[in-house]
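Work through the exercises below with the model open. Try each task before you read its solution.

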Amino acid sequence: MLNTISEKFHVWATGWRVVILLIAEALMAGFVMPAAAGILALAANNSVLPLDMMFFYTPETAFQMIEKYGQEGRAIYTRIELTADIIYPLIYTLFFGLLISWLFQRGFKPESSMQKWNVMPVGGWFFDLLENLGVASMITMHPAQPALLAWLTMLSGLVKWAFAIISIGLVLVGLVRALLNGFRKQAAPTGAV
C-alpha cells in the first residue's frame with residue numbers, strides 16, 4: 001500500500017499542484033487553524049492550550065485541561081477536532097508528500113531508495129487522526145477520565161510530531177539535493193522503461 005501511495009505522490013507531483021497545496025497549507029496554518037484556536041480560547045476564557053498542540057502531557061493534565069475548557073469550550077473543541085482538524089491533515093499530507101516527491105525527483109535518481117521516503121507525511125496524517133479522535137473521545141466522555149485513552153492520545157500526538165519533524169527534514173534534504181542539481185528532474189537510467 002505504501003508503494004502505491006509513493007507512486008501516486010510521484011505521479012501527482014507537478015509544480016502547479018505543489019503551489020496550490022502550498023496556498024491551501026498557508027491558509028489552513030495561517031488563518032483557519034489560528035481562528036479555530038482563537039474561538040476555543042474565547043470559549044475557554046483563554047485558560048489552556050488545545051491538547052493537540054502539546055508534545056507531552058499526563059492523563060491528569062489532560063483531564064484538568066478538559067475541565068477548564070468549560071462546557072462551551074468542550075463543544076467547540078470537539079467540533080474543531082472533527083471538522084477543520086480532519087481537513088487540515090489531509091492538506092498538509094498531500095502538500096508535504098507532493099513537495100518531497102517533486103524535490104526528490106530533482107535531487108535523486110528515479111531508482112534511488114530515497115524516492116520512497118515521500119510517504120513519511122502519511123504517518124503524520126494517520127497519527128494526527130488518531131490523536132484527534134482521542135481528544136474528541138475524551139471530551140465527549142467528560143467527566144469520565146479514561147487514563148489509557150489519554151496516554152494513547154498523547155502518544156499518538158507525540159508520534160505525529162515526530163513524523164512532522166522527519167517530513168520537514170526530508171524537505172530540507174530534497175531542497176539541498178535539488179538545488180545542487182539545478183532543480184533538473186533526474187532522468188531514468190539508460191535502457192529503463
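**Exercise 1. Fold and dimensions**

Task: State the order of elements in the protein from the N terminus on.

Solution: 
- The model is a predicted one.
- From the N terminus on, the elements run α-α-α-α-α-α.
- That comes to six helices and zero strands.
- The C-alpha trace spans about 65 × 30 × 25 Å along its principal axes.
- The protein has 193 residues, and 42% of them count as buried.
- Take contacts between residues at least 6 apart in sequence: 82% of these join residues at least 24 apart.
- The accessible surface is about 10400 Å², with 73% of it belonging to carbon and sulfur atoms.

**Exercise 2. The buried side of α1**

Task: Find the buried residues Ser6, Phe9 and His10 in helix α1, and work out how they are placed around its axis.

Solution: 
- Helix α1 covers residues 2-12, and Ser6, Phe9 and His10 are buried in it.
- These residues cover an arc of only 100° around the axis, so they sit on the same side of α1.
- Recall the helix geometry: an α-helix has 3.6 residues a turn, so residues three or four places apart point the same way.
- Next, look for the packing partners: the buried residues of α1 pack against α4 (84-107) and α5 (120-141).

**Exercise 3. The nonpolar cores**

Task: Which element gives the most residues to the largest nonpolar core?

Solution: 
- Start with the core itself: the largest one has 23 residues.
- Those with the most contacts inside this core are Phe95, Leu98, Leu99, Leu103, Phe104 and Val171.
- Two or more residues each come from α2 (15-43), α4, α5 and α6.
- The most come from α4, which gives eleven residues.
- Now examine Phe95. Not counting residues up to four places away in sequence, Phe95 touches Val18, Leu21, Leu22 and Glu25.
- A second, separate core has 20 residues, including Ala36, Ala44, Ile80 and Met154.

**Exercise 4. A charged pair**

Task: How many salt bridges does a search of the whole structure find? Identify the residues and decide whether they are buried or exposed.

Solution: 
- The search finds one salt bridge.
- Lys160 and Glu131 form a salt bridge, with their closest N and O atoms 2.8 Å apart.
- The pair links distant parts of the chain: Lys160 is in helix α6, Glu131 is in helix α5, and they are 29 residues apart.
- Both Lys160 and Glu131 are buried.
- Check Glu131 against the cut-off: buried means under 20% relative accessible area. Glu131 has 1% relative accessibility, so it counts as buried.
- List the surroundings of Glu131. Leaving aside neighbours within four places in sequence, its contacts are Leu51, Asp52, Glu81, Thr153, Ser156, Gly157 and Lys160.

**Exercise 5. A nonpolar surface patch**

Task: Which residues make the nonpolar surface patch of about 710 Å²? Classify Trp151 by accessibility.

Solution: 
- The patch is made by Phe55, Phe56, Leu148, Trp151, Leu152, Leu155 and Leu158.
- Trp151 lies in helix α6, which runs over residues 147-180.
- Trp151 has 36% relative accessibility, so it counts as partly exposed.

**Exercise 6. Backbone details**

Task: Where does a cis peptide bond occur? Which residue has a positive phi although it is not a glycine?

Solution: 
- The cis peptide bond joins His142 and Pro143, with omega about 15°.
- Pro143 is placed in the loop between α5 and α6.
- The positive phi belongs to Phe183, at about 60°.
- Phe183 lies in the segment after α6.
- With 32% relative accessibility, Phe183 counts as partly exposed.

**Exercise 7. A loop and its contacts**

Solution: 
- Lys109 is in the loop between α4 and α5.
- Its relative accessibility is 44%, so Lys109 counts as partly exposed.
- Compare chain and space: Lys109 and Lys185 are 76 residues apart along the chain, while their C-alpha atoms are separated by 8.7 Å.

Terms used. Residues numbered from 1 in each chain as written. Predicted model: local features only at pLDDT ≥ 70, side-chain atom pairs only at ≥ 80, totals over all residues. Heavy atoms only, no water. Patch = residues over 30% accessible without salt bridge, like charges linked within 9 Å, V, L, I, M, F, W, Y side chains within 5 Å. Areas by Shrake-Rupley, 256 points an atom, 1.4 Å probe, with all protein chains shown as cover. Salt bridge = Lys/Arg side-chain N within 4 Å of Asp/Glu carboxyl O. Helix = DSSP H or I, 4+ residues; strand = E, 2+ residues; numbered from the N terminus. Buried < 20%, exposed > 50% of the residue type's maximum accessible area, 1.4 Å probe, protein only. Arc of directions from axis to C-beta. Contact = heavy atoms within 4.5 Å. Core = buried A, V, L, I, M, F, W, Y, C linked by side-chain atoms within 4.5 Å.
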